[in-house]
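Subject: Structure for you to look at, with notes

Dear colleague,

Please read them with the model open beside you.

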Amino acid sequence: MDLNHIEARIQEELTHTLASIDNTCRQLSQSAVQSSDCCDTADQLQHHYQLNTIIGRLNARAKALSIAKAKLSLDDYGYCQACGDDIEPARLAFDVTCTHCISCQTKKEMNQHLYR
Ligand SMILES: [Zn+2]
């Protein structure tokens, strides 16, 4: 596994994600509810809600990327959080923030479905 390549990918995506957060927060502050027309207000509230949802997702992604970056610097990257085995390189190539090997991820998702 080429860790330098992964580190570059993490850094690139993190920079991009943080810029998107900035951009979305700016949109949010510019779209303050001002109109007295109730239909406009409903549209604006809907728009606010969507922007907040996007910001929430971007923040979660930035956090996952920061954790992956920290793990890389601690030489703790690429190991499953649950069983400690190596995470399959193909999984990490697909998503650099993967924290579980395929079998633990499957178990985790099955549990989430069971207890939902
Ligand atoms: Zn595992």
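Ser73 counts as exposed, with 9 C-beta neighbours inside 10 Å; here a residue is called buried if 20 or more other C-beta atoms lie within 10 Å of its own, exposed if 12 or fewer, and partly exposed in between, the C-beta atoms being placed from the backbone. Ser73 belongs to helix 2, and although Ser73 and Glu7 are 66 residues apart in sequence, their C-alpha atoms are 9.2 Å apart in space.

Before going further, please note that this is a predicted model, in which local features need pLDDT of at least 70 and side-chain atom pairs count only at pLDDT 80 or more, while totals for chains, interfaces and linings use all residues. Residues are numbered from 1 along each chain as its sequence is written.

On the overall form, the protein has four helices and zero strands, where helices (H or I, at least four residues) and strands (E, at least two) are DSSP runs numbered from the N terminus. The radius of gyration of the protein is 19 Å, well over the 13 Å that the globule rule gives for 116 residues, so the protein is more spread out than a compact globule; the radius is taken over C-alpha atoms, and the rule is 2.2 Å times the number of residues to the power 0.38. Taken along the principal axes, the C-alpha atoms fill a box of roughly 60 × 35 × 20 Å. Buried residues make up 9% of the 116 residues, and among contacts between residues at least 6 apart in sequence, 54% join residues at least 24 apart, a contact being two residues whose C-beta atoms, placed from the backbone, lie within 7 Å.

Turning to helix 2 (residues 38–73), its 36 residues should span 52 Å at 1.5 Å a residue, and its end C-alpha atoms are 52 Å apart, which agrees; the expected span is 1.5 Å times one less than the number of residues. The buried residues of helix 2 are Leu58, Leu65 and Ala68, and these pack against helix 1 (3–30).

Leu65, leaving aside its neighbours within four places in sequence, is in contact with Ile10, Glu13, Leu14, Thr17 and Thr97. Leu65 also belongs to the largest nonpolar core, which is made up of five residues, Ile10, Leu65, Ala68, Tyr77 and Val96; such a core is a set of buried Ala, Val, Leu, Ile, Met, Phe, Trp, Tyr and Cys residues joined through C-beta atoms within 7 Å.

Leu14, in helix 1, is partly exposed, with 18 other C-beta atoms within 10 Å. Not counting residues up to four places away in sequence, Leu14 touches Ala62, Leu65, Ser66 and Lys69. Leu14 and Val96 are 82 residues apart in sequence and 11 Å apart in space, C-alpha to C-alpha.

Asp75 lies in the loop between helix 2 and helix 3 (89–94), and it has a positive phi of about 60 degrees although it is not a glycine. Asp75 is exposed, with 9 other C-beta atoms within 10 Å.

Helix 4 (residues 102–114) has 13 residues and reaches 18 Å from its first C-alpha to its last, close to the 18 Å expected at 1.5 Å a residue. Of those 13 residues the number buried is zero, so helix 4 lies largely in the open.

Finally, the record: in an unreviewed entry, UniProt lists "zinc finger region: dksA C4-type" at residues 80–104, over which the chain is 36% helix and 0% strand, with the end C-alpha atoms 8 Å apart. UniProt also places "domain: Zinc finger DksA/TraR C4-type" (unreviewed entry) at residues 76–109, where the chain is 41% helix and 0% strand and the end C-alpha atoms are 23 Å apart. UniProt positions are given in the numbering used here, feature names are shortened, and annotations may be inferred rather than shown by experiment.

With best wishes
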